[in-house]
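Please keep the sequence and the model in view while reading.

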Amino acid sequence: MMRLGDDALMRQGPGGPSDPSRHGQLGVSTSGQGAGGGGGTGAAVQARRLTKRFGDFTAVDAVDFDIHVGEAFGFLGANGAGKTSTMRMIACLSPISGGTLQVLGLDPMRDGPQIRSRIGLVPQEDTLDLELTVRDNLYLYGRYFGLPKKQLRERVEELLEFARLTERADERVDPLSGGMRRRLTIARALVSSPSLVILDEPTTGLDPQARHLLWDRLYRLKREGVTLVITTHYMDEAEQLCDRLVVMDAGRIAAAGSPRELIEQWSTREVVELRFEPEGHQVHGDRLADLAQRVEVLPDRLLLYTDEGDATLDAVRSRGASPIAALVRRATLEDVFLHLTGRSLVD
Ligand SMILES: Nc1ncnc2c1ncn2[C@@H]1O[C@H](COP(=O)(O)OP(=O)(O)OP(=O)(O)O)[C@@H](O)[C@H]1O
Ligand SMILES: [Mg+2]
């Protein structure tokens with residue numbers, strides 16, 4: 001179930017102790033080398049025709065993207081779109097099959113240890129040591145990075161606070177709830193004060209309060225100059241957090257831009273959501289199609305894309321259609337996603 005643990009690679013050591021001078025308030029490195037260590041490219045990550053193949057299957061199909069230093073960059077996509085495969089190449093946990101990839105100005109194939117020492121990874125599946133205490137999970141991880149003991153002890157206490165796990169610090173991880181483990185995994189990714197943090201579905205399994213807390217924390221990290229790379233299935237998360245994002249579909253990038261740009265480009269301004277008897281959606285969709293610029297028939301709803309939602313809803317009613325429920329709302333990234341991939345992110 002668990003994929004090749006990043007721990008396994010981390011245990012080999014990141015290739016040298018990190019520089020204590022890089023540690024700021026939350027110990028975040030903002031100075032690094034050059035533009036966040038971009039080695040002169042100005043990009044934290046640059047991919048050109050980046051490809052990942054597993055045997056005959058192409059999981060990531062010649063994608064191009066640039067992630068700028070200091071931005072929050074999102075990868076959105078349905079299950080199997082290729083997000084994790086891309087994250088793992090960036091994190092130097094999986095070799096690229098084609099194209100080129102630069103991370104912090106370095107080459108993952110050649111400079112893996114150096115890159116790993118400067119990035120934090122929140123893998124999709126938690127890879128905590130269940131037998132150890134919460135505190136020791138953080139502490140031992142820091143030791144892999146060669147952090148001096150005294151400095152590390154302070155850092156661990158800060159991160160326990162950050163993850164709101166101070167009261168559970170001396171308990172083993174095993175009995176923690178899923179959300180608590182997730183928070184610990186996120187804290188662990190920050191132990192080495194990385195300048196680039198990769199978060200693969202960071203908030204899956206978190207309760208709403210914990211999600212908002214994490215968004216706040218991520219926002220603060222960004223303000224400190226940390227580059228964030230995030231995958232998510234949550235559209236609100238992408239809209240809140242990401243300066244720019246790409247929508248992945250079957251290994252390719254279907255669209256790229258800021259949330260606002262994507263909505264403007266791929267959706268109308270407003271959406272009328274109509275709910276009829278379950279078997280009626282297709283029939284009503286056909287009947288009302290001329291009232292909207294685009295119609296999307298979902299199993300549980302009918303979506304009419306229009307710039308004037310209220311007027312469209314009036315028109316629906318004057319046709320004699322009487323939905324069980326009707327709602328006019330602004331378009332969101334979910335609508336962009338539906339348009340681009342023909343399916344909803346929510347399975
Ligand atoms: N180690 C592997 N061996 C073979 N196929 C793989 C491997 N890892 C991923 N794949 C395949 O590559 C495709 C992309 O998987 P990936 O995990 O990158 O998707 P994802 O976008 O992260 O999906 P999810 O939202 O479900 O996490 C899938 O079809 C998956 O089965
Ligand atoms: Mg994934």
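The axes of helix H4 (residues 134-144) and helix H5 (residues 149-162) come within 10 Å and cross at roughly 135°. Helices here are DSSP runs of H or I with at least four residues, strands are DSSP runs of E with at least two, and both are numbered from the N terminus. Axes are lines fitted to C-alpha atoms, for helices over the stretch in contact, and angles between N-to-C directions run from 0 to 180 degrees. H4 and H5 are therefore oblique to each other; angles under 35 degrees count as roughly parallel, over 145 as roughly antiparallel, 65 to 115 as roughly perpendicular, and the rest as oblique. H4 passes H5 in a right-handed crossing, a crossing being right-handed if the near helix is turned clockwise from the far one by less than a right angle, and left-handed if anticlockwise.

This is a predicted model, in which local features need pLDDT of at least 70 and side-chain atom pairs count only at pLDDT 80 or more, while totals for chains, interfaces and linings use all residues. Residues are numbered from 1 along each chain as its sequence is written, and chains are lettered from A and ligands numbered from 1 in the order in which they are written.

Which residues of H4 and H5 meet? From H4 come Arg135, Leu138, Tyr139, Gly142 and Arg143, and from H5 come Leu152, Arg155, Val156, Leu159 and Leu160. Two residues are in contact if their C-beta atoms, placed from the backbone, lie within 7 Å. The contact of H4 with H5 comprises 6 nonpolar, 1 polar and 3 charged residues. In this division Ala, Val, Leu, Ile, Met, Phe, Trp, Tyr, Cys and Pro count as nonpolar, Asp, Glu, Lys and Arg as charged, and the others, Gly among them, as polar.

H4 also packs with helix H6 (residues 178-189), at an angle of about 25° and with the axes 9 Å apart. H4 and H6 are therefore roughly parallel to each other, and their crossing is right-handed. In this contact, Val134, Asn137, Leu138 and Tyr141 of H4 meet Leu184, Ala187 and Arg188 of H6. By class, the contact of H4 with H6 has 5 nonpolar, 1 polar and 1 charged residues.

The description now turns to the sheets. An open sheet of 6 strands has the order S5-S6-S7-S3-S8-S9, with mixed pairing; two strands pair if DSSP finds at least two bridges between them. Strand S5 (119-122) and strand S9 (252-257) are its edge strands, each pairing on one side only. On average, neighbouring strands of this sheet are turned by 15° against each other, direction ignored. S5 and strand S6 (residues 196-200) run parallel and are joined by 4 bridges, and Gly120 stands opposite Val197 in S6.

Helix H12 (residues 333-341) lies across strand S3 (72-77), strand S8 (244-249) and S9, and runs at about 35° to S8. H12 packs with helix H9 (residues 259-266) as well, at an angle of about 50° and with the axes 9 Å apart. H9 and H12 are therefore oblique to each other, and H9 passes H12 in a left-handed crossing. Pro259, Leu262, Ile263 and Trp266 in H9 meet Leu333, Val336, His339 and Leu340 in H12. This contact of H9 with H12 has 7 nonpolar, 1 polar and no charged residues.

A further open sheet consists of 4 strands in the order S11-S12-S10-S13, with antiparallel pairing. Its edge strands are strand S11 (294-297) and strand S13 (325-330), each of which pairs on one side only. Neighbouring strands of this sheet are turned by 20° against each other on average, direction ignored. Strand S10 (residues 270-275) and strand S12 (residues 302-306) run antiparallel and are joined by 5 bridges; Val272 stands opposite Leu304 in S12. Helix H11 (residues 309-318) lies across S10, S12 and S13, at about 30° to S10.

The final topic is the ligand. Among the residues surrounding ligand 1 are Phe54, Phe57, Asn79, Lys83, Thr84 and Gln124; a residue is near a molecule if its C-beta atom, placed from the backbone, lies within 6 Å of it. Strand S2 (57-68) and helix H2 (83-90) are the elements that give two or more residues to this shell. H2 gives the most, with 3 residues. The shell around ligand 1 divides into 4 nonpolar, 7 polar and 1 charged residues.
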